[in-house]
Amino acid sequence: MPVLPPLAVLSLMLASAAPPAPAPETARASRAIIAELVACGSRHSLSSWSDPKRGIGCGRDAVVRRFGEIAQRAGGRLKVVVDKYQTSAPRTGNVPVPMENVYAVLEGTDPVLQKTAFIVSGHMDSMPSDIMDPKTDAPGSDDDASGVAVSILSAEALAGRPEGFRATLVFAAVAGEEQGLLGSKRMKEWLAQEGYQVGGMMTDDIVGATNGSQDRRPRLFSEGGPDGVESPGREMARLAEELAGRDHVRLIFRRDRFGRGGDHMPFAEAGLPAVRFTEPLEDYHHQHQTPRVENGIQYGDLLQFLDFPFIAETAAVNQRLLAELAAAPAPPKSVVLSGAVTPSAKITITAGADTGRKGFEILHRETTEARWSLLRTVAAPGEVVLEGTSTDNEFFAVRSVGTNGHRSLAVPAVPAPRPAAPQAAPAPPKQP
């Protein structure tokens with residue numbers, strides 16, 4: 001099997017350089033978006049969907065307007081969808097209630113990958129101290145107008161690219177998160193109904209503040225798979241760190257914050273690549289709190305506590321990951337490891353035909369190491385023999401590399417199935 005030349009490896013290394021710092025106007029734009037959502041007073045999912053000045057409908061209108069303006073600047077290539085549905089849960093009183101999600105869809109340009117969707121989402125809704133109270137003020141500046149701002153900023157940054165992307169990008173703002181991840185569950189259903197396969201999903205939830213943290217990196221949560229180590233989401237997190245650099249994102253190897261959850265969970269539970277971005281240090285006085293002052297302490301999720309340059313930096317990490325994945329070839333269909341009790345590991349790569357694929361990167365890591373390293377590159381699927389490499393001491397994975405230099409998610413190698421044990425011949429019947 002041919003090996004890619006050293007210059008190809010060098011170009012891939014250069015492609016993973018950390019993104020430049022966002023321009024100051026991006027921070028100002030994030031402030032304007034969040035201030036508009038906060039001005040709705042409350043965006044509780046059980047508040048009014050029809051009042052243009054207060055309630056969740058006011059928030060929806062702001063998001064639709066923002067996405068619509070981006071769609072105009074992008075020449076109409078961005079399609080804005082308002083997805084209306086009914087749902088029920090314990091936090092709706094177990095009665096059906098109306099909900100709406102907003103999606104801005106940038107269709108892929110490649111007929112093969114067009115129905116693969118990569119999603120960035122924040123949730124529009126907010127809550128005061130009482131989860132069932134739709135009347136009290138709930139500004140929701142950080143939780144989660146900040147995540148909605150990241151989704152809108154990402155649409156602004158990516159929708160206008162004249163060359164587009166091979167796969168489809170979906171920029172989302174969903175409702176019902178505080179009522180039980182209702183909007184995210186619905187979005188997953190909607191994507192399936194529209195014929196999309198989820199290539200990756202990221203939710204930005206509480207990404208608005210640093211709260212005095214010296215470490216300004218957003219935390220990126222990803223769960224392990226059945227073995228506690230590998231999962232599609234874990235590979236997505238690793239790639240995000242590789243692209244942005246360790247100074248720009250902090251990997252957290254768990255599904256979410258301890259005892260808590262977010263909109264990526266319905267996707268992760270379905271075995272899909274899904275991760276959560278969250279600020280480095282949370283202040284619980286400013287989450288799920290009715291605005292008030294008690295004992296000299298200001299409670300409430302207020303605009304004054306946000307760090308707008310940090311929001312812009314987090315949006316830049318999201319955009320880099322989205323752009324990489326949507327421009328890359330599809331990941332290998334399967335990666336199988338064999339060669340036990342031999343001096344050389346063997347990896348068999350299966351992948352569909354793709355004229356935009358340059359080859360594959362074979363990755364490896366020590367069993368105690370968290371991150372992949374490049375072992376070698378190959379140009380075509382099939383069996384690769386790794387001479388003098390034990391199957392015992394390392395883990396392996398393979399990802400696709402495009403002619404444009406962009407890389408897919410890695411697919412961990414799994415053991416080749418053991419041949420079935422021969423069946424003993426049935427005993428002859430006894431003679432009477």
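Visitor: How many aromatic pairs does a search of the whole structure find?

Guide: The search finds 2 aromatic pairs. Keep in mind that this is a predicted model.

Visitor: Why is the pair of Tyr 103 and Trp 190 called tilted?

Guide: Start with the distance. The ring centres are 4.5 Å apart, and rings pair if their centres lie within 6.5 Å. Now the angle. The planes stand at 35°. Stacked needs under 30 degrees, and edge-to-face needs over 60.

Visitor: How do you know whether Tyr 103 and Trp 190 are buried or exposed?

Guide: Buried means under 20% relative accessible area. Tyr 103 has 0%. Trp 190 has 8%. Both values fall under the cut-off, so both residues count as buried.

Visitor: What makes Lys 115 a charge over the ring of Tyr 196?

Guide: Lys 115 lies over the face of Tyr 196, at 4.2 Å from the ring centre. The distance limit is 6 Å, and the charge must also be within 35 degrees of the ring normal. Arg 292 lies over the face of Tyr 299, at 4.2 Å from the ring centre.

Visitor: Why is helix H4 called largely enclosed?

Guide: Of its 18 residues, 16 are buried, so the rest of the structure largely encloses H4.

Visitor: How does the span of H4 compare with the 26 Å expected?

Guide: H4 covers residues 141–158 and reaches 24 Å from its first C-alpha to its last. That is close to the 26 Å expected at 1.5 Å a residue.

Visitor: What makes strand S4 mostly covered?

Guide: In S4 (residues 168–174), 7 of 7 residues are buried. Thr 168, Val 170, Ala 172 and Val 174 point one way, while Leu 169, Phe 171 and Ala 173 point the other way. In a regular strand, side chains alternate between the two faces of the sheet.

Visitor: How do you know that S4 pairs with S2 and with S3?

Guide: Pairing needs at least two bridges. S2 and S4 have 5, in the antiparallel sense. Val 102 stands opposite Ala 173 in S4. Strand S3 (residues 116–123) and S4 have 7 bridges and run parallel. There, Ser 121 has Ala 172 as its bridge partner.

Visitor: Why are S14 and S17 called edge strands?

Guide: The open sheet has 4 strands in the order S14-S13-S16-S17, with antiparallel pairing. Strand S14 (373–378) and strand S17 (411–412) each pair on one side only. Strand S13 (residues 357–366) is joined to S14 by 5 bridges. Phe 360 stands opposite Val 378 in S14.

Visitor: What makes Ser 222 buried?

Guide: Its relative accessible area is 1%, and the cut-off is under 20%. Ser 222 sits in the loop between strand S6 (219–221) and helix H6 (232–244). Its contacts beyond four places in sequence include Gly 233, Ile 252, Phe 253 and Val 275.

Technical notes: Residues numbered from 1 in each chain as written. Predicted model: local features only at pLDDT ≥ 70, side-chain atom pairs only at ≥ 80, totals over all residues. Heavy atoms only, no water. Helix = DSSP H or I, 4+ residues; strand = E, 2+ residues; numbered from the N terminus. Expected span 1.5 Å × (residues − 1). Buried < 20%, exposed > 50% of the residue type's maximum accessible area, 1.4 Å probe, protein only. Phe/Tyr/Trp six-rings, centres within 6.5 Å; stacked < 30°, edge-to-face > 60°. Contact = heavy atoms within 4.5 Å.
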